[in-house]
There are 2 protein chains.
Amino acid sequence: MTSKLTAAAERLFDRHGYVATGVDRLTEAAGMSSRTLYKHAGSKAELMARVLTERDRRFMARIEVRTVDALFAALEDWVRVEGCRGCLFLRSRAETGGDTPEIAEAVALHKEAFHRRVGEVVAMDLGREDPALAEQVLVLFEGATHAAVYRGAQTVSAARAAAAILMERARS
Amino acid sequence: MTSKLTAAAERLFDRHGYVATGVDRLTEAAGMSSRTLYKHAGSKAELMARVLTERDRRFMARIEVRTVDALFAALEDWVRVEGCRGCLFLRSRAETGGDTPEIAEAVALHKEAFHRRVGEVVAMDLGREDPALAEQVLVLFEGATHAAVYRGAQTVSAARAAAAILMERARS
DNA sequence: ACGAATGTACAACGATCGTTTTACATTGCA
DNA sequence: TGCAATGTAAAACGATCGTTGTACATTCGT
């Protein structure tokens, strides 16, 4: 019941935006009364935070990989499943101007974890730490995600190819 | 008077989001009555479209360059002046789910122009067309813009360095 | 000097916002 | 069997939304 709410909320927030999605649309999609929604979620902002935390779990599980190439392969899968609408975390933070603490915190936690993971994958793939290279890979990942909004999923393969070149150069 | 409105609106939309910014906050910041705002702008959505068109002009003027390196130098200047809040175009489109025609159209026009410009710069710099390389440069640009939201302006120099490597490799 | 244009302040429009209240039905454990 | 717990529907809360109407002041070209 709680998971149905979270799933429905994620879909609506992702497709129409956090602010633009009213509570009545959430209750309708989740098939529950507003009373029950508030008992479960506390508030709309807490619901969004819950959505983000849940999405973070799903996303981070998908990028549990050992190579940079697999990182972008995972992103290809992700956009195939989730579509190309940019990063929900950055979008919801931007929508609220960072003024909603629950949301800002969930986003910060996710982006910290993501940054750490990229660093780890680059280190594993390369055999040594390389923070500068990791930052470039992160930029390619984020760029593929956002450019895909108007350029389509091809941006992910472009980023993948670019990352391969950077990795190859760092190895030799 | 119209330009003061547009400037004030851009600032508020950029910092707090399109939906979250009410008309009364716009009138207050622009120092005019709501009646006058609507005479000038027509509607809130049209005002946002005007803001985006104006921003497109300012942005495109800044990336009138001849080399890929200068492209990222221009982005460094841009984020120094405008801050790191991601791409206003993609954000406003996402906020409205693409359901507001005036906004969706302004965004589409800007992104088309931007994509074309990147292709031109890569071609000039390289001496020949290279659409695949241009796509990678575009991904780096977009990635620097969005990663900068949580990683800071350093992402731009990371992207700049990565682009230099890709360009060098394409030249030899 | 005068009428059109353009500005203002301000109340009000109906709609919708997030949230809570009221009153009632169903379930499950003691 | 009965009392919590948990659900429902529906109305209402005050606030705010984008937008418009009313009534009055200022500026400006002729």
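This is a predicted model: local features need pLDDT of at least 70, side-chain atom pairs count only at pLDDT 80 or more; totals for chains, interfaces and linings use all residues.
**Entry 1**

Then I went back along helix 7 itself, which covers residues 101-126 of chain A. How far does helix 7 reach from its first C-alpha to its last? I got 37 Å for its 26 residues, close to the 38 Å expected at 1.5 Å a residue.

**Entry 2: chain A as a whole**

Next I stepped back and counted elements. Chain A has nine helices and zero strands. Reading along the sequence, I wrote the pattern down as α-α-α-α-α-α-α-α-α. I also looked up the extent of the C-alpha trace of chain A, and along its principal axes it spans about 60 × 30 × 30 Å.

**Entry 3: helices 8 and 9 in chain A**

Here I picked helix 8 (residues 131-151) and helix 9 (residues 154-171) of chain A. Their axes come within 8 Å of each other and cross at roughly 165°. That makes helix 8 of chain A roughly antiparallel to helix 9 of chain A, because angles over 145 degrees count that way. The crossing of this pair is right-handed.

Which residues meet here? From helix 8 of chain A I noted several, including L133(A), L140(A), A144(A) and R151(A). On the helix 9 side, among them are V156(A), A159(A), L166(A) and M167(A). Sorted by class, the contact residues come out as 12 nonpolar, three polar and one charged.

**Entry 4: helices 1 and 4 in chain B**

Helix 1 of chain B brings L5(B), T6(B), A9(B), E10(B), F13(B) and D14(B) to the contact. Among the residues they meet in helix 4 of chain B are K44(B), L47(B), E54(B) and R58(B). By class I have six nonpolar, one polar and seven charged residues.

A reminder to myself on spacing: an α-helix has 3.6 residues a turn, so residues three or four places apart point the same way.

**Entry 5: helices 5 and 8 in chain B**

Parallel or antiparallel? I checked helix 5 and helix 8 of chain B, and they are roughly parallel to each other. Helix 5 (residues 68-82) and helix 8 (residues 131-151) of chain B pack at an angle of about 15°, with their axes 11 Å apart. I noted their crossing as right-handed.

V68(B), L71(B), F72(B) and L75(B) in helix 5 meet V137(B), L140(B), F141(B), A144(B) and T145(B) in helix 8. My class tally here is eight nonpolar, one polar and no charged.

**Entry 6: how the two chains relate**

Last, I laid chain A on chain B. The move is a turn of 180° with a shift of 0.0 Å along the axis, and the RMSD is 0.0 Å. That is the relation of a two-fold axis.

Which residue of chain A comes closest to the rotation axis? I found G143(A), with its C-alpha at 1.6 Å. I also looked at the interface: 100% of the interface residues of chain A are also interface residues in chain B, so the copies meet through the same surface.

Notes
Residues are numbered from 1 along each chain as its sequence is written. Chains are lettered from A and ligands numbered from 1 in the order in which they are written. Side-chain values use heavy atoms; hydrogens and water are left out. Axes are lines fitted to C-alpha atoms, for helices over the stretch in contact, and angles run from 0 to 180 degrees between N-to-C directions. Helices (H or I, at least four residues) and strands (E, at least two) are DSSP runs, numbered from the N terminus. Angles under 35 degrees count as roughly parallel, over 145 as roughly antiparallel, 65 to 115 as roughly perpendicular and the rest as oblique. A crossing is left-handed if the near helix is turned anticlockwise from the far one by less than a right angle, and right-handed if clockwise. Contact means heavy atoms within 4.5 Å. Ala, Val, Leu, Ile, Met, Phe, Trp, Tyr, Cys and Pro count as nonpolar, Asp, Glu, Lys and Arg as charged, and the others, Gly among them, as polar. The expected span of a helix is 1.5 Å times one less than its number of residues. Copies are superposed by least squares on the C-alpha atoms of residues with pLDDT of at least 70 in both.
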